[in-house]
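Hello,

Here is the structure for you to look over. My notes on side-chain contacts follow below.

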Amino acid sequence: MQRAWSAHAARQALFVLGGRANARVHAGHRYDYHCTSTSGTRGNEFGITAIAAAATAVPASRGTREAIRLRTIANMANGDEQKAAEQAAQEGLADSDAPTIFDKIISKEIPADVIYEDDKCLAFRDIQPQAPTHFLVIPKNRAGLTRLSKATENHKEILGHLLFTAQDVAKKENLDDFRVVINDGPKGCQSVYHLHLHVVGGKQLSWPPGC
């Protein structure tokens, strides 16, 4: 039995459960994850056996951190970023330096469509694009930057570098106009607590966003 899940959800599932992944697949089914391009055709197959589907089977009554993480993954898989952000907050990630899926991407432990990299930051395409062009820019060394509101004087240099990189990569992606978005905290719809800039463009964007 095969089901297609978002790359982000599948990777997060593997990251959260690690070697216990297969034990979470009910009735012995394996859920193979495949990357799907923005055109709707199958792209690179990473060969990852994901258990994101099993997350939906976790009873809401289970109040463990693992159960909460699994339900967060399920929300990501369903494209519900608001619920994913709420679940992350419920787990206490908003005030946590716990490793995230981005740490695995930076260390090359899991694949990502990287379009730029230097010694300070990494840019890669969002697997659930909200526009024809949608990529993320993240600092390699989080250094306490779980969210923008946690920034200090010591973060000025990296914040400037992230913004400069965002516009530089946008130009290389042939974007004349674009938007840079930073989600901050649960009400800002942040579900991954490693500061990241969303750069979206390639179409006429509307205003106000997300209101």
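The structure holds 9 salt bridges. The term covers a side-chain nitrogen of Lys or Arg within 4 Å of a carboxyl oxygen of Asp or Glu. This is a predicted model, with local features needing pLDDT of at least 70, side-chain atom pairs counting only at pLDDT 80 or more, and totals for chains, interfaces and linings using all residues. Residues are numbered from 1 along each chain as its sequence is written, and side-chain values use heavy atoms, without hydrogens and water.

One of the bridges joins Asp 184 and Arg 147, with 3.1 Å between the closest N and O atoms. Asp 184 sits in the loop between β6 (178–181) and β7 (197–201) and Arg 147 in the loop between β5 (133–139) and α5 (156–172), so the pair ties together parts 37 residues apart in sequence. Helices (H or I, at least four residues) and strands (E, at least two) are DSSP runs, numbered from the N terminus. Arg 147 is buried at 15% relative accessibility. Asp 184 is partly exposed at 26%. Buried means under 20% relative accessible area, exposed over 50%, and partly exposed in between (1.4 Å probe, protein chains only).

Asp 168 also bridges to Lys 172, at 3.4 Å between the closest N and O atoms. These two are 4 residues apart in helix α5, so about one helical turn separates them. Lys 172 is exposed, at 54%. Asp 168 is partly exposed, at 22%.

Lys 108 and Glu 117 meet at 3.1 Å, N to O.

Best wishes
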